[in-house]
Amino acid sequence: MPRRSVLFTPGDRASMLRKAPSSGADVVTFDLEDAVAPERKAEARETVRGVLADPDFDPDCEVCVRVNPVGTVADDDVRALAGDDVRLDAVMLPKAESGDDVDTLARLLREHDVDAAVIAIVESAAGVLDAPAIAAADATAAVAFGAEDYAADVGATRTGEGTEVLYARERVVAAAAAAGVDAIDTLHTDFEDAGGLRDDAAFSVQLGFDGKLAIHPRQVAPINDAFSPDPADVAWARDILAEKADADADDRGVFRVDGEMIDAPLIKQAERILERADLNRE
């Protein structure tokens, strides 16, 4: 399934957890970390488990739980997710700073017999610098970038242009691409700024991300739209690959489509467009 939109929902709000899949998000993430006050962590674990173990809860999307960072109460979080009755696809690891952090969470999952992939969030200078190892860890299915915590860690001032986090975003994309896993971009924190979200999501696509984090259901549709290929682009990609097949059959090394000389990077771009279009139909 695609991971265009990854929606966070506070883990201590049962009604919101049950409604989250109706947002249309590709991934719903029940949050046991930042969205839950320290004194409510235990209650949130029980609430999340209650929803995930409900036989009537079987949404047509990826179901993820964001646990607390390894080394704190992550073991308690994972223990709450154990059991064959729990509907769970992935576990999100916040503040990942090394491949060892992913391996540690993977070990906890194995110890509690929790069968789930890992989505690792890179949100510090150390995490950005070690993004290649985080992405390449065996359990990693996707790497996400958290701009707000990263900016605070390096002492950057957040701006509308986002140049202060551009290097980090690009490094996360490169690390994910090299490891063959999904790259998920940072939040647009103002959920009432629809125009800003559309612009930011379009820029995420340009950078090469596969999806984007969301903190409000109203952000889901604009994000999904941004990461869904335009029909004209899909038609272009189909023309490219159809002409490539003809060129291969005729032993032609180069070919043109609509007057444009087609080379390997454009072929790869066409393949990526069609792959994304096919994913969105699943």
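Select arginine 66 and phenylalanine 8: the charged end of arginine 66 sits over the ring of phenylalanine 8, 4.4 Å from its centre. A charge sits over a ring if NZ of Lys or CZ of Arg is within 6 Å of the ring centre and within 35 degrees of the ring normal. The model is predicted, with local features needing pLDDT of at least 70 and side-chain atom pairs pLDDT 80 or more, while totals for chains, interfaces and linings use all residues. Residues are numbered from 1 along each chain as its sequence is written, and side-chain values use heavy atoms, without hydrogens and water.

Next, select strand β1 (residues 5–10) and β2, which run parallel and are joined by five bridges; strands pair if DSSP finds at least two bridges between them. Helices (H or I, at least four residues) and strands (E, at least two) are DSSP runs, numbered from the N terminus. Valine 6 has valine 27 of β2 as its bridge partner.

Turn to β3, which also runs parallel to β2 and is joined to β2 by five bridges. Here cysteine 64 is the bridge partner of threonine 29.

Now colour β2 by accessibility: five of its five residues are buried, meaning under 20% relative accessible area (1.4 Å probe, protein chains only), with exposed over 50% and partly exposed in between. Val28 and Phe30 cover one face, and Val27, Thr29 and Asp31 the other.

Finally, select phenylalanine 30, which is buried at 0% relative accessibility, and phenylalanine 57, which is buried at 7%.
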